[in-house]
Amino acid sequence: MACGVQKKWPTLKAEGYRIVAIDQHTQKVATEQKPDWFPVNSRPRLPVSGAREKVNMLGAVTDDRERFVALTSNRFNAEIAKHFLRAIQHEFGKKLAIVLDNASYFIAKTLKKQAAADGLLLEFLPAHSPEMNPLENCWRQLREGRANHLFRTLDDVNEYLSMALPALNSPQIYEYLC
């Protein structure tokens, strides 16, 4: 559990590990609806779309607030997650303690086997506890940034992400875990 990794942080840091929290998120071609203020007696109209196109993202944030986000049009599965773990290992170094949720593709035996072979430590958050995952803060920033705007095409979504992702404020991961 993440609480266990919090107790291990000083030891893991002394051994040269970086703590990394990861999570998945989806941005759809649609309108992110959010309550807003409008003049009295006005009838604002919010354009919506029924499109089903989307961009899936896997994100990582380190204990020193570095970020890495990978975009894919593919569905999340263990193979995608395995590639992502290797990508963050390439980005952040070999010795990583990774905090993640219990999504089916993260708890897959093949992923755990690869992680152990690659020297990664996996620490799982308690079930149904998204509030403990620091990446949820980043995804919230993305949702708020596109609130009440219609994205008609996948290119519109990708253009938004190309501007929004670099501007995200990285959370301090220690504040979220336990």
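**Group meeting: a walk through a predicted model**

Leaving aside neighbours within four places in sequence, Lys13 is in contact with Ile19, Asp63 and Tyr174, where contact means heavy atoms within 4.5 Å. That is my starting point. The model is predicted, so local features need pLDDT of at least 70 and side-chain atom pairs count only at pLDDT 80 or more, while totals for chains, interfaces and linings use all residues. Residues are numbered from 1 along each chain as its sequence is written, and side-chain values use heavy atoms, with hydrogens and water left out.

Back to Lys13. This residue is found in helix H1, residues 2-14. Helices here are DSSP runs of H or I with at least four residues, strands are runs of E with at least two, and both are numbered from the N terminus. Lys13 counts as partly exposed, at 38% relative accessibility. On that scale buried means under 20% relative accessible area, exposed means over 50%, and partly exposed lies in between, with a 1.4 Å probe and protein chains only. Lys13 and Ala97 are 84 residues apart in sequence, and their C-alpha atoms are 9.6 Å apart in space.

Now the whole chain. How many helices and strands are there in the protein chain? There are 5 helices and 5 strands. Along the sequence they follow the pattern α-β-β-β-α-β-α-β-α-α. The protein chain has 178 residues, of which 44% count as buried. Take the contacts between residues at least 6 apart in sequence: 75% of them join residues at least 24 apart.

Next, helix pairs. Two packed helices are described by the angle between their axes and the distance between the axes. The axes are lines fitted to C-alpha atoms, for helices over the stretch in contact, and angles run from 0 to 180 degrees between N-to-C directions.

Helix H2, residues 78-92, packs against helix H3, residues 109-117, at an angle of about 20 degrees, with the axes 9 Å apart. H2 and H3 are therefore roughly parallel to each other. The cut-offs are under 35 degrees for roughly parallel, over 145 for roughly antiparallel, 65 to 115 for roughly perpendicular, and oblique for the rest. On the H2 side the contact is made by Ala78, Ala81, Lys82, Leu85 and Arg86, and on the H3 side by Thr110, Leu111, Gln114 and Ala115. By class that is 5 nonpolar, 2 polar and 2 charged residues. Here Ala, Val, Leu, Ile, Met, Phe, Trp, Tyr, Cys and Pro count as nonpolar, Asp, Glu, Lys and Arg as charged, and the others, Gly among them, as polar.

Look at Ala81, in helix H2. Is Ala81 buried or exposed? Ala81 is buried, with a relative accessible area of 1%. Not counting residues up to four places away in sequence, Ala81 touches Tyr105, Phe106 and Leu111. The C-alpha atoms of Ala81 and Leu111 are separated by 7.3 Å, although the two residues are 30 apart along the chain.

Two of those partners bring us to the rings. Rings of Phe, Tyr and Trp (its six-membered ring) pair if their centres lie within 6.5 Å; planes under 30 degrees apart count as stacked, over 60 as edge-to-face and the rest as tilted. The count comes to 4 aromatic pairs. In one of them, Tyr105 and Phe106 are edge-to-face, at 5.0 Å centre to centre with 75 degrees between the planes. Tyr105 is buried at 13% relative accessible area, and Phe106 is buried at 1%. Ring pairs link Phe76, Tyr105 and Phe106 into a cluster.

The other helix pair is H4 and H5. The axes of H4 and helix H5, residues 154-167, come within 11 Å and cross at roughly 130 degrees. That makes H4 oblique to H5. The contact is made by Gln141, Leu142 and Gly145 of H4 and Tyr160, Leu161, Ala164 and Leu165 of H5. These residues divide into 5 nonpolar, 2 polar and no charged.

Last, backbone angles. Most residues other than glycine have a negative phi. Arg65, in the loop between strand E2 (54-62) and strand E3 (67-72), has a positive phi near 70 degrees. Arg65 is partly exposed, at 43% relative accessibility. His128 has a positive phi of about 55 degrees and lies in the loop between strand E5 (121-124) and helix H4 (135-145). At 79% relative accessibility, His128 counts as exposed.
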